[in-house]
Amino acid sequence: MKHSLALVLALAAVVAPVVRAADLLPMEQQVAEAVKSPKVTIVHFWATWCPNCKAEHVNGGWRNFIEANPDVNVIFIKTWDPKPGVAELEQYGLGPQKNFTALQHPNVSRKADKMGEFLGLPVSWLPTTWVFRDGKLRYALNYGELRFAMLQQMVADSTEAWKH
């Protein structure tokens, strides 16, 4: 299992494409600045209607992860969803943490005109979770519900010096 996890992590590592700030929405510019941090920054896309997004909160999932990692910045971006999500996040114990930010993407459509990329990267499924450090995308999970042990390993790997 350890070797297969390492292989998955290695295959998921990518470098973010170069995008011009002028081409980004104001919220994207805010997130682009945040991910430039030397700290690890997680960007997580979610929606209130998404069962996989809700499953990530079972047994305190995200809350426990955020509180156990105070040096990791976590940004939740609600998209493809017109319902306000602040109350739902509060229900899961998210909001008061200093390393947590909640944003609402202006494109709330789930139809053909839905947001399909952010920071020049594809968003095709919810939840989607990206791990950045120093402005570089270290890992991208675009497949749905994540496992926190795997995310913790990605954070640990992202804090190490990369030689490429």
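## Pairing of β6 and β7

In this predicted model, strand β6, which spans residues 128-133, pairs with β7 in the antiparallel sense, and five bridges join the two. One of the contacts in this pairing places V131 against Y139, its bridge partner in β7.

The two strands form a hairpin in which two residues lie between β6 and β7, and D134, located in the turn, has a positive phi of about 55°. As for β7 itself, which covers residues 136-141, the strand is mostly covered, with five of its six residues buried.

## β1 and its two partners

Strand β6 also pairs with β1, since DSSP bridges are the criterion for pairing: five bridges join β1 to β6, and the two strands run antiparallel. Within this pairing, V43 stands opposite W130 of β6.

With strand β2, residues 73-78, the sense is parallel, and the pairing with β1 extends over six bridges; here T41 has N73 in β2 as its bridge partner.

## Burial of β1

How many of the six residues of strand β1 are buried? For this strand, which comprises residues 41-46, the count is six of six, and β1 is accordingly described as mostly covered.

The burial applies to both faces of β1. On one side lie T41, V43 and F45, on the other I42, H44 and W46, and all of these residues are buried. T41 and V43, which belong to one side of the strand, are also the residues named above in the pairings, T41 with N73 of β2 and V43 with W130 of β6.

Technical notes: Residues are numbered from 1 along each chain as its sequence is written. This is a predicted model: local features need pLDDT of at least 70, side-chain atom pairs count only at pLDDT 80 or more; totals for chains, interfaces and linings use all residues. Side-chain values use heavy atoms; hydrogens and water are left out. Buried means under 20% relative accessible area, exposed over 50%, partly exposed in between (1.4 Å probe, protein chains only). Helices (H or I, at least four residues) and strands (E, at least two) are DSSP runs, numbered from the N terminus.
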